[in-house]
Structure formats: structure tokens, C-alpha cells
Amino acid sequence: MTERVSLSSMLARSQQDLPSRRMKDSYLEVFLPLGSEPQLREKYLTFHNTVRFGRILEDLDSLAVLISYSHTYNPDLKRSPLSIVTALVDKIDMRHHVIYPDCDIKFSGHVTWVGKTSIEAKMHMSQFRDGVFSPVLDATFVMVARDPENKRAAFVNPIQPDGPDEEKILQEGEANKSRRVDLSTASLLKVAPTDEERKLIHSLFLHTLDSNTVSFRSRVLPPSSVWMEDAKLKGLEICHPQERNIFNRIFGGFLMRKAYELGWANASSYGGCRPKLVAVDDILFQKPVEIGSLLMLSSQVCYTQDHYIQVRVHSEVFDPLTRQHNTTNVFHFTFSSDQHVPNVVPKTYGESMLYLDGKRHFNQTVASIINKDSYTQK
Ligand SMILES: CCCCCCCCCCCCCC(=O)SCCNC(=O)CCNC(=O)[C@H](O)C(C)(C)COP(=O)(O)OP(=O)(O)OC[C@H]1O[C@@H](n2cnc3c(N)ncnc32)[C@H](O)[C@@H]1OP(=O)(O)O
């Protein structure tokens, strides 16, 4: 860290002091030779003979960091003064949900938009099968540049689009940023639900009232339903130094892997099935996780529809000395089962807000995927 602090003097004073970069400057292609190097497979293999998606999340996170460093690369410096951290996994759309453990994987991606200190990177993953690379997923990450001590934001190079195609990509990045701001403004943690949402919650409430009593208190679980309080799964991680990143904090990819695996296990026990991942969206990295932390992970099935299960995983660090809890991450995963799943039903007001938040995430990600012909359910 002492060595890194000395890099502070190399930070740009304004964004204008930094040269513009093209999208091709940050373009990277990385191969994961699962097919041609069988010794790699063990790390990636699931019991069901597919690829551990948590491992893919780790690789995507590292690639997003590398892409961001390529964008901000300064050939005059021996080391980058920037600490680049993952702020948000905006979305991951699965285009094919089976990932084969014995076929080579190709990751590619580049910077698609920049703010003053933030970078949007889009990545694609494809897999070599039957003589061609076929798309598996598209991912959008937002990375933030910080000073060498990771204490305050640091400027990143502006981006210069080359031709109409790149201009369109950049405009999409701008639209993504506005969408993120709108979503955060309308968050149920800040404002009341919409009229339609309020009606939905009231109707769910009415469906749970006991028709034999005239009481708001006696609640009965409707048929083929599960109370939300019974659709939770919790876990604990002690954050050992082995999982640290180059800035001496816990690696974002590790956090995603752990949250994903807990969310998957919850969806599996809820649906009584082997769930398939449909989409990941809006994984927020609110605070860094320090080495040595007690990381408490809590997953909740928060919305269901037909054969879809929407899971939210919340992670917080607990300080045993001060007994304080601090939220570090929130993750959203959408899974599908091969059969209808029971309806998850909220009982309290807080659970109703979780339900609505889950429904919003579901509508945002899955509705668009279902409408896309490109999503192949095999
Ligand atoms: C050299 C080669 C090395 C190769 C290494 C390869 C291997 C790599 C492996 C290593 C892997 C290492 C990787 C890891 O493992 S990183 C470990 C996982 N990530 C973290 O621990 C991050 C935790 N979170 C934080 O520290 C803060 O919340 C951050 C820093 C993210 C923001 O803090 P804060 O809110 O106080 O920041 P600000 O108000 O000053 O704003 C700053 C900018 O950030 C933008 N923003 C903020 N939040 C969001 C959001 N939710 N969506 C979109 N954008 C967001 C904001 O618009 C602004 O942008 P701009 O308007 O200026 O543009």
C-alpha cells in the first residue's frame, strides 16, 4: 500500500488532461481452453457435468478490470495509479443456458461508455461447439476508478467513437446511465409503490385473509403457495486473505460466486428442481469487503411467476466488536425450473416491498429475454 500511495502524484487533475481512447483500444479477447486443456476442467466442473457459473462470474469480473485498465493505459507509466473496482453488474443475459465443461470458451469485450470516473464495459462469452463459436451470454459491468489508496474517485480517459456503429453503442451507454439513475430514484427504499403495485399488494393480502373470521390478523396460506419467510437460505463466509484482490480487499468475483451459489441452492430447494439461470441484474457493490470480515449472506425467493424464481441475495459484514452490520452487496438472480413453482406470498409490509422489487427486476430482465427469439431453451 505504501508503494501504491506514491503513485498518487501521477493521477490526472481533470479528465481533459487525459487523451481520448477508441473502443478498439480496450478490446480484449481471452480464451478459456476447457476443451483443449482438460486439467482446467476440475475448477469449473459442477456435479451435473456443466460449468460452475460462479467461476464464470469471477472471470467476467477480472476481464472487466483488465478492459478498464486497457482503456486507461498510459505507456509512459510503469504502473497504473488507478485502483479500478467493480461498482455494478448492470445485467447478464443468458443466450444459452447450458455451458459445456469440455468445449473451449471465448470471452471478448471492450469499453462502451465512460463518465468522468466510471467506465461501462460490455462483454460476450461464446463456446466452441460443432465447429463454431456460439453465443452464451452478454454482460454489462460498471467499473469505477479510484485513487491508489481507493479513497476517492479518479478521472478516466474520455472515449471517442469511431463511426456510426460506435456512436450508437455510446448512446446506448448514455441511455443505460439514465435508466440506472431513474431506477435508483424510483427505488422502494426511497418512494412509495405505484398505484398498480399498491393494488397488487392489497389483493395478495386479501387472498391470505381467513374467510371464517372478520379479522385482519388471521392469515391463511393460499393453496400452492409458500410464505416468503419460509423461502430463505443463509450462509456465512470468513473472508480469508486468499480471496483478496490486488487492492487488498475481497475480490468482487468471489463475492458474486458465493452469492450466486447460495441463490442457486435456495432456488433449488424452493422449486424442488435443478434451476437454470436466466438472468443476473443489478448487482450492486456498495462497500468494499475488508479481509478478515465476517460476511453474512442471506438469500430470499422474492417473486415467482409460472416456472420462474426471482432470488435476491443480500450480503453484509458483521463487526463482532461493535456489533454493527453494514450492507456491502445486493444481488438479483432469475432462475427457471422445468415445472410450475409455488407462489411466494409476502406477509409483512417489508416482505411486500421485497416482492415488488423482485417483480420489477423480473419484468425488467426476463420479459425482454422471453420476447427475444435469441433465447434458446434447450
Ligand atoms: C495492471 C493490470 C492489472 C490486471 C488485474 C487483472 C485482475 C483483476 C482482478 C482484480 C479485481 C478487482 C475488482 C474487484 O474485485 S473490486 C471489489 C468489489 N467492488 C468493491 O468492493 C466496490 C465497493 N463499492 C465502493 O467502493 C463504492 O460504492 C464505489 C467506489 C463503487 C462508488 O463509491 P461512491 O458512490 O462514493 O462514488 P462517487 O459518488 O465518488 O462516484 C464515483 C463514480 O462512480 C459512479 N457510481 C457509483 N456507484 C455506481 C453504481 N451503483 N452504478 C453506476 N455507477 C456508479 C458514479 O456515477 C461516479 O461516476 P462518474 O459520474 O464520475 O463517471
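The second largest pocket of this predicted model holds about 450 Å³ of space. A pocket here is an open set of points on a 1 Å grid over the protein atoms alone, with protein on both sides within 12 Å along at least five of seven lines, and lining residues have an atom within 4 Å of a point. The volume is the space filled by probe spheres set on the points. The lining comprises 19 residues, with Thr-46, Thr-50, Val-51, Tyr-260 and Trp-264 nearest the centre. Helix H6 (252–271) is among the elements that supply at least two lining residues, and H6 gives the largest share, three residues. Ten lining residues are nonpolar, five polar and four charged. Because domain 1 (2–179) and domain 2 (196–377) both contribute to the lining, the pocket lies between them.

Around the ligand are 28 residues, of which Lys-116, Thr-117, Ser-118, Gly-252 and Gln-286 come nearest; a residue is near if one of its heavy atoms lies within 4 Å. Polar contacts (pairs of N or O atoms within 3.5 Å) to ligand oxygen atoms involve a polar side-chain atom of Thr-117 at 2.6 Å, a polar backbone atom of Lys-116 at 2.8 Å and a backbone N or O atom of Gln-286 at 2.8 Å. The protein buries 69% of the 1,300 Å² that the ligand exposes when taken alone (Shrake-Rupley method, 1.4 Å probe). Strand S2 (83–94) is one of the elements giving two or more residues to this shell, and S2 gives the most, five.

Residues are numbered from 1 along each chain as its sequence is written. Local features need pLDDT of at least 70, side-chain atom pairs count only at pLDDT 80 or more, totals for chains, interfaces and linings use all residues, and side-chain values use heavy atoms, with hydrogens and water left out.

Terms used. Polar contact = N/O pair within 3.5 Å; in protein donor to acceptor, adjacent residues only side chain to side chain. Helix = DSSP H or I, 4+ residues; strand = E, 2+ residues; numbered from the N terminus. 1 Å grid on protein atoms, 1.4 Å probe; cavity = no way out; pocket = protein on both sides within 12 Å on 5 of 7 lines; lining within 4 Å. Nonpolar A, V, L, I, M, F, W, Y, C, P; charged D, E, K, R; others polar. Domains from an automatic or database assignment.
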